Structure formats: C-alpha cells, structure tokens
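Welcome! Please have the sequence and the 3D view open, and let us walk through them together.

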Amino acid sequence: MLHSVFLKTLRDLRRGFVWWSVGLAGMSALMVSVYPTVRGNAALNKLVEDYPAALKGFFGFGGELDYTSAAGYLGMELFSLMVPLLLLIAAIAAGSGAVAGEEDRGTLDLLLSLPVSRTRLALEKFAALVTESVALGFVVWISLWIGAVAVGMDISAAKLAAATTDAVALAVAYGAVALLAGCATGRRGVAIGITAAAAVAAYLVNSLAPLVDLLDPVQKLSPFYHYAAQSPLRSGLDPLHLLVLLAIAAVGAAGSVLAFRRRDLA
Amino acid sequence: MSAVVRADRLTKFYGSARGIVDTSFEIVAGEVFGFLGPNGAGKSTTIRLMLDLIRPTSGRVELFGLDPQKDGIEIRRRVGYVPGDLRLYERLTARDLLQYFAHVRGMRGLGAAPRLVEQLQLELDRPIRALSKGNRQKVGLVQAMMHRPELLVLDEPTSGLDPLVQQTFNDLLREATGEGRTVFLSSHMLGEVQRVADRVALVREGRIELVEEVETLRRRAFTRVEVSFADAPPADAFTGIPGVRELERRGDSVLFVLEGTADPLVKALALHRVLSLDVHEADLEDIFLTLYRNESPHAA
C-alpha cells in the first residue's frame, strides 16, 4: 500500500473507511428492515399526502410522494438526505485532508521534495477520494440490495445502483470542491468550512426554491437539484443531470491542480 | 564544470515580510557549503526556493543549471532534502516511510538506505510517533541520502542528534563529498558548520554578509577564556601577548578574548596558579560583530 501517493492516501483513509462502512451499512439495513411495517399501510400514505407541498419537495427525492412503495420509502428515508449527507461528509473529509491536511501537518514539504509534480500529487489525491466515495457507495448499494431481497422489497438492484451512483457523484463533486479549497488555501479547517457552507447553502436553495419564487432562477445552480431531479429509484439515471455533477467534480479537480501549482507552500 | 547551485539576486518577500534579499552565491561540485545565520535570517527561505516549495519575488536560482519551477522533477530526482522543521508520517514505521519514498522516487530497491540505517543505528520497526527527536532526525537523513543524490540540502540537520551520531553524520558528509557529491548545510551553530564545511556564507537579516573559506573564518574567529587564579595576577601580566586581550577582571578571575591559536595564552597562564579554566567558543554574534565592524578584538 506504499507504492504511490494514491495508494498511500487510500491506506490513510482505510481506518475511517471501516467506520463509515459500518455506519452506512447499519443505517441501510435498519431502514430496509422497518419497511415491511410500512408496506401496504394506507394510513401512512394518507398522512404523507396531507403534507404541505413544501415538505413534499424536501423529502420527495424526485417524483411523487409515495411513502409505502419501495422507491418512495427509500427515497424519503435514505436518499433524500441521509445517504448523500454521509457520503458528502466522508468525501469532504477526504478532499480537505488530501493536500491541506498534509500541509497542516507539515509532511507536504518532504513529499514535494521528491520527484513528483504538484499536478500529479493533486490528481492522485483526487483519485483516492473518488475511490473511497465509490467504495462507500458500493457498501450502501450492497447493503440495500441484500436487505431488499431479504424483506422482499419491490425494487431492482439496477435502480438501487442508480440511486447510489447519483449520491456518489454528488459526494465526489463536493469532495473535489473541498480539494480545491484545500489546494487554494493550504488549510484544512478553512477548506472544510468553505465546502460545508457551500453545501448547506446549495441544499437550502434547492429545498426552498419551490416555496420562494426568488430562488427559482438559481435552483438549477444547486448540485442538489441535479442530484434529486434524477429520480433514479424510479426511472434510473438521467445522463444530463449526472453529467452536471461529474462536470463539477472535473472542474474542481482541474481547479485544484491550477491553484496548487501556482502557490507558495506554507 | 558549472556550479551545482547558482543564486542570482534571489529575493523573496512574504507580503511585506522579508525572507531573503538580493542573495547571490555559487556552490561548486564536491564542496560542503555552510549556510550560517541566526534563526529567521532567511536560510530556510533560500532552501525552499531551491526546491520550488515557494517561488521567488525576483531574481533566480538554478540547480544543475536547471530552473526549479520548470524542471523541478529532474532537479528533485538529484537532490536529497532534510527540512528544518522535519515532519514525518507519524503512523508509519521508519521502514514503511523509507519504502514509500523509495517507490515515489522510482527506485527499485532501498538504495543506500540499509547501510545508512546500520551506520546511524536507526530502529526501523517502531512507528515514527514513538521515536525520539534524534531518531526522527536519522529517518530524515536516511531518506535524504538513500538515493545517493548529487546534492544534499540539509536544513539544521543535526538538531537532536547526540554527539556520537553527529560524528557519524560528519563522516557521512565527508564520504559524500569524497564521491564528488555536494552538500548545502544550513545551521545557526558555527561549531556544527566549521567542522565539516569548506566554505561558509554568513547570512543575517535576509542578506548574505560574506562568503568565506572556513579556514579563513576560523583564523578570524575568537574565543572567550575565563580563568580563575589562586591569586590575582599583576595588572600588566598579560599585556603584549599576541592574539590575547584582557576583557575584564572580577576579583581573582580574568576574562580573556583569544584570537587564533591558544598557545600564547596557555604559555602565559603557566606562570600562575590556575584554579579553573572555562573556554567559550565565540558565538555567531561575536563573529558578526568583529567581522562586520571589520575590527579584531585586539586591533584597537
């Protein structure tokens, strides 16, 4: 695991990865195991139908609210907030730690005294963060799928994969933003702060846009809009929205390289 | 052959804070070049400019005739570096760290590392967080030297090393220069530099004040000698001794300033009953004072 910056970074992430996996798998399994008590419960559906439109926008995760169906249930309980939130936190932690973390700890001086370019360093760090996010997404997918089969949930492995891919893409986009903020400032705390603030703002813009007309024009700027608009649990991935998320990630990675190359190290 | 390092009016400001100003020097192959100055003089700034960790405000520095910003990878392949503020991966063992760096350097094995580890008696299998400062410093030295670099850049490398290890370290440097390799050694301690360096640059407040052969410097450096006598010697007992000046008397003890060899003073002291003898090597400040005022202690 010490053959490259990429592998060394994965190695550093593995401790956290174990705990993230346990948490995500546990949460997924728990939610799925409760589903049999929800299925076919018309009263619950009636309750949700009476929610104000605003709340439906908040929780719907694309498409109509339909709490008792498998897709509706997973959308509301997991994919509207918890899954993307947790994947986002893990990705922001990895992205902010990648370069700025080493700079904060002072190990970057020595690493960059080796024959490795800053471009390569930033890209290998980015690759590690993508790998971690994809692996966590895989953990979510496999736990949901096993759970779904076990309780006889009416949802396909492909649809579950589409939803987790969507969430991973969102997480990688924010991971890239955190990497960029870290590469530009060299300070991990600042990178986390900037990225978290940007994520909360984007989340609120997307969630409140249906209520506040003023926000309508900017809703499409929010990555969360492109995440939720896909409705992957029902209809699979929408290439255009997915592309927007991947483009944010690519721009973040490229910006990281540019910012890192031109700066004095602390 | 051209210079291994050539700095030409190299200048670095951090905002309005001074790093180094208008610094020019040349280091030729096979020499140990001492970079001597108090903390904050701009030594680390100069080194970090050489490695492209920071960029100059103006002027330029070349290593092997190459530009650190354009040809950084080629340069760093041929350089080994121990930072002044050495931070290592705390969770790795020394062995893991050396393996990691060897891989990133594209080395096939561990190069000279096994031999260096043995010479420095470095423990390889404990996590770095459990190592003492001296042992960490050894890890720093081994990673800097394992690929047998043409240029070794050492920023305060012997801090934390015990005297015995310092001796080994000095031997390693001599061995390196014996093979035609070059050493850039920064330090705030004259003693550390003068034992191994061929030439030394004195840096103060961001400027190189002079570059001198160590031999020449050693001849100009002076020592303070405090002698306490059984009976106070006559007031004129030590006048006219070459290289010796009486600085002050306190009861039965006398403080001398000594320039050059100790012999004349020792001969003169032999005529009296000496209770104790305390020798202080001149600190940097003293040398700066004498060199920059261009006066030696007994000239006036």
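Let us begin with Glu26(B), which lies in strand β2 (residues 17-27) of chain B. Strands here are DSSP runs of E with at least two residues, while helices are runs of H or I with at least four residues, and both are numbered from the N terminus. Glu26(B) is partly exposed because it has 15 other C-beta atoms within 10 Å. A residue is called buried if 20 or more other C-beta atoms lie within 10 Å of its own, exposed if 12 or fewer do, and partly exposed in between, with C-beta atoms placed from the backbone.

Leaving aside residues up to four places away in sequence, Glu26(B) touches Ala3(B), Val5(B) and Arg6(B). Contact between two residues means that their C-beta atoms, placed from the backbone, lie within 7 Å. By comparison, 27 Å separates the C-alpha atoms of Glu26(B) and Gln137(B), which are 111 residues apart along the chain.

Before going further, a word on the model and its labels. This is a predicted model, in which local features need pLDDT of at least 70 and side-chain atom pairs count only at pLDDT 80 or more, whereas totals for chains, interfaces and linings use all residues. Residues are numbered from 1 along each chain as its sequence is written, and chains are lettered from A and ligands numbered from 1 in the order in which they are written.

**Chain B as a whole**

Chain B has 10 helices and 13 strands. Its C-alpha atoms fill a box of roughly 70 × 45 × 35 Å, taken along the principal axes. Of the 300 residues in chain B, 41% are buried. Among contacts in chain B with a separation of 6 or more, 70% come from residues 24 or more positions apart.

**The open sheet**

Now look for an open sheet of 6 strands in chain B, with mixed pairing and the order β5-β6-β7-β3-β8-β9. Its edge strands are β5 (79-82) and β9 (207-213) of chain B, each pairing on one side only. From one strand to the next, the twist averages 15°. Two strands count as paired if DSSP finds at least two bridges between them. Strand β8 (residues 199-204) of chain B and β9(B) pair in the antiparallel sense over 6 bridges, and Ala201(B) stands opposite Val211(B) in β9(B).

Helix α5(B) lies across β5 and β6 (151-155) of chain B, running at about 170° to β5(B).

**Partners of α5(B)**

Which residues of α4(B) meet α5(B)? They are Ala113(B), Leu116(B), Val117(B) and Leu120(B), and they meet Lys138(B), Leu141(B), Val142(B) and Met145(B) in α5(B). Axes are lines fitted to C-alpha atoms, for helices over the stretch in contact, and angles run from 0 to 180 degrees between N-to-C directions.

| Helix pair | Axis separation | Angle |
|---|---|---|
| α3 (residues 94-104) and α5 (residues 133-145) of chain B | within 10 Å | roughly 25° |
| α4 (residues 113-120) of chain B and α5(B) | 9 Å | about 150° |

Most residues other than glycine have a negative phi. Arg9(B) has a positive phi of about 50° although it is not a glycine, and Glu156(B), also not a glycine, has a positive phi of about 50°. Where do Arg9(B) and Glu156(B) lie? Arg9(B) lies in strand β1 (residues 5-14) of chain B, while Glu156(B) lies in the loop between β6 and α6 of chain B. Arg9(B) counts as partly exposed because it has 13 C-beta neighbours inside 10 Å. Glu156(B) is buried, with 21 other C-beta atoms within 10 Å.

**Where the chains meet**

Finally, 18 residues of chain A are in contact with 21 residues of chain B. On the side of chain A that touches chain B, α1 (5-38) and α6 (108-111) of chain A each supply at least two residues.
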